[in-house]
Amino acid sequence: LTGLMVFFDMTAGVLGMALGTASFILAWALPRFGAALTSLAWALAFLAMPLIGPISARLISSGAVDAFPLSWQMRIHTWSFVSERVAERPWIGWGMDASRTFKEQYVLSIYTVDTVPLHPHNAPLQVWLETGFVGVALLVAALLALTFLFLRQAPDLNSSTIRAATLSAALGVALVSFGVWQEWWVVTLMLTAGLVCLARKEPGNA
C-alpha cells in the first residue's frame with residue numbers, strides 16, 4: 001500500500017503511514033504509555049504549529065524552498081502566510097471557514113497561485129487561523145483527556161497499538177492535506193473512531 005502511494009506521489013498518505021507505524025511501534029513497546037505519549041505529542045504539536053511559519057519564511061527567503069517539489073513549495077508559502085495571519089488574531093481567529101476569504105496570489109514558477117488554496121493544508125494551522133487559541137485549547141484539552149484515559153486504562157497491547165497508530169495516521173494526513181471542516185473527512189474520522197472502539201470490545205461484550 002505504501003509503495004502504491006509513493007508511486008502515485010500521494011505524500012500525505014505516506015506521511016500518515018509513517019507516523020502511524022512509528023506510533024504503533026511505540027505503543028507496542030510501551031502498551032499503556034506509548035498511546036498516552038502519542039496523544040500528548042499531538043497536543044503539543046497543535047499548540048506549537050504556528051512556529052512552522054518562521055521556518056517556512058526562512059526557506060522562502062533563502063531560496064531553499066526551490067529544492068522542494070512544487071506541491072510542497074505551495075504548502076510552504078501557504079504556511080508562512082497563514083502563520084502571519086494567526087499572529088494578527090491569535091486569540092479568537094478570523095472566524096469559521098475564513099481560510100476561503102483570503103484572495104492574495106503569488107507567482108510560483110510559471111503559475112499564478114492562491115496563497116491560501118481553500119484551506120491551509122494543515123489542520124492545526126487552520127484551527128489556529130479560524131478559531132484562534134480558544135479553538136486550539138479545546139482540541140488540546142480533548143487530546144489531554146485522551147492521554148489521561150490511556151494512562152488510567154489497564155495495559156492492552158492490541159487496543160494500545162490500534163489507538164496510537166490510528167490517531168497518528170489520521171492526524172499525520174491532516175498535517176498536510178484536507179480541510180478541517182470537510183464533511184466527508186469528518187465523517188471518515190468518526191467512522192474510524194467507531195471501528196477503533198469496536199476493535200477494543202471483547203467477543204460477547206459488543
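The model is predicted, with local features needing pLDDT of at least 70 and side-chain atom pairs counting only at pLDDT 80 or more, while totals for chains, interfaces and linings use all residues. Residues are numbered from 1 along each chain as its sequence is written, and side-chain values use heavy atoms, with hydrogens and water left out.

Me: Why is helix 2 called oblique to helix 3?
Reply: The axes of helix 2 (residues 11-29) and helix 3 (residues 33-48) cross at roughly 140° and come within 7 Å. Angles under 35 degrees count as roughly parallel, over 145 as roughly antiparallel, 65 to 115 as roughly perpendicular and the rest as oblique. Helix 2 is therefore oblique to helix 3.

Me: Which residues make the contact of helix 2 with helix 3?
Reply: Helix 2 contributes Leu19, Ser23, Leu26 and Ala27, and helix 3 contributes Gly34, Ala35, Leu37, Thr38 and Trp42; contact means heavy atoms within 4.5 Å. These residues divide into 6 nonpolar, 3 polar and no charged. Ala, Val, Leu, Ile, Met, Phe, Trp, Tyr, Cys and Pro count as nonpolar, Asp, Glu, Lys and Arg as charged, and the others, Gly among them, as polar.

Me: What makes helix 4 oblique to helix 5?
Reply: The axes of helix 4 (residues 52-62) and helix 5 (residues 70-88) come within 8 Å and cross at roughly 130°. That angle is why helix 4 counts as oblique to helix 5. The contact is formed by Ile52, Gly53, Ser56, Ala57, Leu59 and Ile60 of helix 4 with Ile76, His77, Trp79, Ser80 and Ser83 of helix 5. Its residues comprise 6 nonpolar, 5 polar and no charged.

Me: What lines the largest pocket?
Reply: Its lining divides into 22 nonpolar, 3 polar and 3 charged residues. Of the 28 lining residues, Leu146, Leu167, Leu171, Leu189 and Ala193 are the closest to the centre of the largest pocket. Helix 6 (123-152), helix 7 (157-174) and helix 8 (183-200) each supply at least two residues of this lining, and helix 8 gives the largest share, 9 residues. The volume of the largest pocket is about 840 Å³.

Me: Which helices each supply at least two residues of the lining of the second largest pocket?
Reply: They are helix 2, helix 7 and helix 8. The second largest pocket holds about 260 Å³ of space. Among its 15 lining residues, Gly13, Ala169, Ala170, Val173 and Trp185 lie nearest its centre. The lining of the second largest pocket divides into 9 nonpolar, 6 polar and no charged residues.

Note on methods:
Axes are lines fitted to C-alpha atoms, for helices over the stretch in contact, and angles run from 0 to 180 degrees between N-to-C directions. Helices (H or I, at least four residues) and strands (E, at least two) are DSSP runs, numbered from the N terminus. On a 1 Å grid over the protein atoms alone, a cavity is a set of points where a 1.4 Å probe fits but cannot get out, and a pocket is an open set with protein on both sides within 12 Å along at least five of seven lines; lining residues have an atom within 4 Å of a point. Grid points are joined across faces, edges and corners, and a volume is the space filled by probe spheres set on the points.
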